[in-house]
Amino acid sequence: MKTKNRNEELVVLTDVIKILVENGKNGNGYAVFEENVPPLGGPPPHSHPDEEVFYILEGRFEFILNDMENPFQVLPGSVVHVPSKALHAFKNVGDTPGRMLVLLMPGNLLNYFREIGTPIRNGNDMPDLTKVPDISMIDLSKVFELAPSHHIEFFLPKVMENDVN
């Protein structure tokens, strides 16, 4: 009997993803992963060519889809479809870790996650997902530097300059 290899896990920004199905295996055009998100965790608003489908397993999330002014909340059992190149973001707005099953099509975003993520090799590499992440401890240089080569665009607020008279 063949034993199953442990699923690859990565820390990507504030979240932990566990890769369940890789893109390109057996000719499939998709990838599937489980995403574990700490309270207030989640990515900044962004877009990319992959289409995504989120199935909420645990927690309470707030999503943005194309309209930054109208976020909406989703609970376990909810499905959120994000078309290719749509502006989107999500945040765990609960006080406990949240968990989602995510389907990527065709799954190329997984390559980006592998480049910017930190592999979890043992228990010491696993962040405490019960705590709000310290954003100041996240190195965002690779995140923004590698985004254009993966056709990812981030939508960040512009810093306003004070007029000095």
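Biologist: What joins the side chains of Glu 52 and His 88?

Modeller: A polar contact of 2.8 Å. Keep in mind that this is a predicted model.

Biologist: Where does Glu 52 lie?

Modeller: In strand E5.

Biologist: Is Glu 52 buried or exposed?

Modeller: Buried, and without a salt bridge. Lys 85 is the nearest side chain of opposite charge, and it is 14 Å away.

Biologist: Which residues is Glu 52 in contact with, leaving aside neighbours within four places in sequence?

Modeller: Among them are Val 80, Val 82, Leu 103 and Leu 109. His 81 and His 88 are also included.

Biologist: New topic, salt bridges. How many does a search of the whole structure find?

Modeller: Five. One of them joins the side chains of Arg 114 and Glu 8, at 2.6 Å from N to O. That pair links distant parts of the chain, 106 residues apart. Arg 114 sits in helix H1, and Glu 8 in the segment before strand E1.

Biologist: How accessible are Arg 114 and Glu 8?

Modeller: Arg 114 has 29% relative accessibility, so it counts as partly exposed. Glu 8 is partly exposed too, at 32%.

Biologist: Which residues are linked with Arg 114 in a network of salt bridges?

Modeller: Glu 8 and Glu 22.

Biologist: And which residue does Arg 99 meet in a salt bridge?

Modeller: Glu 58, at 3.1 Å from N to O. The two are 41 residues apart, with Arg 99 in strand E10 and Glu 58 in strand E5. Arg 99 is partly exposed at 22%. Glu 58 is partly exposed at 38%.

Biologist: What about Asp 128 and Lys 131, how do their side chains meet?

Modeller: In a salt bridge of 3.9 Å, N to O. Asp 128 is partly exposed, at 42%. Lys 131 has a relative accessible area of 54%, so it counts as exposed.

Biologist: Let's switch to strand E1. Which residues point which way from E1?

Modeller: Glu 9 and Val 11 point one way, while Leu 10 and Val 12 point the other. All four are buried.

Biologist: In what sense do E1 and strand E2 pair?

Modeller: Antiparallel, over four bridges. Val 12 has Asp 15 as its bridge partner in E2. The two strands form a hairpin, with two residues between them. In the turn, Leu 13 has a positive phi of about 55°.

Biologist: How many bridges join E1 to strand E11?

Modeller: Two, and those strands run antiparallel. Thr 118 in E11 stands opposite Val 11.

Biologist: Last topic, the rings. How many aromatic pairs does the structure hold?

Modeller: Eight. Phe 54 and Phe 90 have ring centres 5.4 Å apart and planes at 65°, so that pair is edge-to-face. Phe 54 is in strand E5 and Phe 90 in strand E9, 36 residues apart. Both are buried.

Biologist: What sort of aromatic pair do Phe 63 and Phe 90 form?

Modeller: A tilted one, 5.6 Å centre to centre with 35° between the planes. Phe 63 lies in strand E6 and Phe 90 in strand E9, so the pair ties together parts that are 27 residues apart in sequence. Phe 63 is buried at 1% relative accessibility. Phe 90 is buried at 6%.

Biologist: Which residues form one aromatic cluster?

Modeller: Phe 54, Phe 61, Phe 63, Phe 72 and Phe 90.

Terms used:
Residues numbered from 1 in each chain as written. Predicted model: local features only at pLDDT ≥ 70, side-chain atom pairs only at ≥ 80, totals over all residues. Heavy atoms only, no water. Salt bridge = Lys/Arg side-chain N within 4 Å of Asp/Glu carboxyl O. Buried < 20%, exposed > 50% of the residue type's maximum accessible area, 1.4 Å probe, protein only. Pairing = 2+ DSSP bridges. Lys, Arg positive; Asp, Glu negative; His and termini not counted. Polar contact = N/O pair within 3.5 Å; in protein donor to acceptor, adjacent residues only side chain to side chain. Contact = heavy atoms within 4.5 Å. Phe/Tyr/Trp six-rings, centres within 6.5 Å; stacked < 30°, edge-to-face > 60°.
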